Amino acid sequence: MESQKKSSQPANKTSTSEEDKEEQCCANTSCEENEKQEPSSPKQGDFSDPVYKEIAVANGTINRMNSDQLRAKCAELKLDTRGVKDVLKKRLKSYYKRQKLMHSAAANGNIDVYFDYICVVDYEATCEENNPPDYLHEIIEFPMVLIDTHTLEIVDSFQEYVKPVVNPQLSEFCVKLTGITQKTVDEAETFHQVLKRAVSWLQEKELGTKYKYTFLTDGSWDMGKFLHTQCKLSCIRYPLFARKWINIRKSYGNFYKVPRTQTKLICMLENLGMQYDGRPHCGLDDSCNIARIAIHMLKDGCELRVNECLHSGEPRSVPISAPIEGAPAPQTPKKRN
């Protein structure tokens with residue numbers, strides 16, 4: 001929900017609650033104290049390994065290629081030929097690096113384990129054309145799209161609408177932006193009930209028990225603003241399983257080495273040679289398109305890892321040195337006192 005994320009301002013912070021203390025404790029543990037990096041193969045930091053010289057030589061060759069040569073090489077290797085020049089360079093470099101490190105890892109018997117599933121979330125929330133600073137956004141669409149990282153496919157999705165309580169009447173601007181009608185939210189259930197069903201859906205997939213998973217969002221607002229605000233309004237404890245996530249904008253910018261201005265949803269799609277599929281600002285369609293970007297990045301060799309967490313009610317960066325951890329098993333949301 002990009003336009004809301006740009007135009008809204010954070011609400012004034014309230015006094016520290018029991019929930020905030022839990023968030024702070026969680027953030028302190030995950031974002032500050034976990035400074036040990038997981039081993040990879042070859043050993044991280046050991047650049048004396050000959051494999052790195054081979055990678056450097058391959059990178060130099062790729063840097064000297066023009067766009068036509070890059071596309072021809074991608075086609076020869078049966079890689080995606082779509083995207084701008086910088087994306088094609090990164091795709092080839094990642095391919096050669098992955099191939100060489102894979103052989104090294106196999107030789108050493110040490111192969112990394114990543115998330116089995118990534119769950120993409122992109123909420124839609126109430127909004128005005130010019131939101132006042134103290135405007136309280138309420139979630140009105142709760143979508144999730146599940147990516148299987150082994151098959152690199154979208155395997156399932158969840159979508160429910162939510163009845164707003166504080167501002168039950170949608171603005172004309174909100175209806176036009178999201179396509180969600182007043183009738184739709186009037187007939188929907190409250191956030192607490194919808195969250196319960198979302199948790200049941202996640203549990204049915206055995207996420208956090210049998211399979212390792214994490215969440216992914218387009219920016220910091222979905223978890224750091226919309227979900228946090230909604231949980232307070234609904235008197236629900238912020239769910240433990242949603243306290244860390246992948247901000248794909250950061251991952252995309254860092255991986256493809258592009259400025260922040262090129263990490264908006266439409267820009268990311270276009271740079272990867274794709275077009276938006278569906279209706280912009282439909283939460284489910286947005287989530288599906290974000291998932292397409294994530295799959296493309298995984299194919300290009302990006303290691304999508306958690307890079308943000310909730311700390312005292314605010315989103316905070318997770319250092320790259322933190323170990324790769326899956327989200328905990330989802331639990332039924334509890335009411336706050």
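**Figure 1. Strand β1, residues 117–121, is largely enclosed by the rest of the structure, because five of its five residues are buried.** Here "buried" means under 20% relative accessible area, "exposed" means over 50%, and "partly exposed" lies in between (1.4 Å probe, protein chains only). Helices (H or I, at least four residues) and strands (E, at least two) are DSSP runs, numbered from the N terminus. This is a predicted model, in which local features need pLDDT of at least 70 and side-chain atom pairs count only at pLDDT 80 or more, while totals for chains, interfaces and linings use all residues. Residues are numbered from 1 along each chain as its sequence is written, and side-chain values use heavy atoms, with hydrogens and water left out.

**Figure 2. Strand β1 pairs with β3 and with β5.** Two strands pair if DSSP finds at least two bridges between them. With strand β3 (residues 139–148), β1 pairs in the antiparallel sense over five bridges. With strand β5 (residues 213–217), β1 pairs in the parallel sense over four bridges. Follow V120 to see both pairings: its bridge partner in β3 is V145, and its bridge partner in β5 is L216. I118 stands opposite T214 in β5.

**Figure 3. Strand β5 is mostly covered, with five of its five residues buried.** Y213, F215 and T217 point one way from β5, whereas T214 and L216 point the other way. β5 also pairs with strand β6 (residues 244–247), in the parallel sense and over three bridges. In that pairing, T217 stands opposite N247.

**Figure 4. The largest nonpolar core has 35 residues.** A nonpolar core is a set of buried Ala, Val, Leu, Ile, Met, Phe, Trp, Tyr and Cys residues joined through side-chain atoms within 4.5 Å. In soluble globular proteins, nonpolar side chains tend to be buried together. Which members touch the most other members? They are L216, I293, M297 and L304. At least two residues of this core come from each of β1, β3, α10 (248–256), α11 (265–271) and α12 (283–299), and α12 gives the most, with eight residues. Apart from this core lies another, of 33 residues, among them L146, V199, Y213 and C231.

**Figure 5. A closer look at L216 and its contacts.** Contact means heavy atoms within 4.5 Å. Leaving aside neighbours within four places in sequence, L216 is in contact with residues including I118, C119, V120 and V121. I246, I248, I290, A294 and L304 are also among the contacts of L216.

**Figure 6. Helix α10 has a cap at its N-terminal end, provided by N247.** A side-chain oxygen of N247 lies 3.0 Å from the backbone nitrogen of R249. This is a polar contact, that is, a pair of N or O atoms within 3.5 Å; within protein, one must be able to donate a hydrogen and the other to accept it, and residues adjacent in sequence count only if both atoms are side-chain atoms. Along α10, the buried residues are I248, S251, Y252, G253, F255 and Y256. After α10 comes K257, whose phi is positive, near 60°.

**Figure 7. K205 sits in the loop between α8 (191–204) and β5.** K205 and Y117 are 88 residues apart in sequence and 9.8 Å apart in space, C-alpha to C-alpha.

Figure 8. UniProt, in an unreviewed entry, lists residues 62–96 as "domain: SAP". UniProt positions are given in the numbering used here, feature names are shortened, and annotations may be inferred rather than shown by experiment. Over residues 62–96 the chain is 69% helix and 0% strand, and the end C-alpha atoms are 10 Å apart. At the start of helix α4 (residues 67–76), a side-chain oxygen of N66 reaches to within 3.2 Å of the backbone nitrogen of D68. K78, whose phi is positive, near 60°, follows α4.
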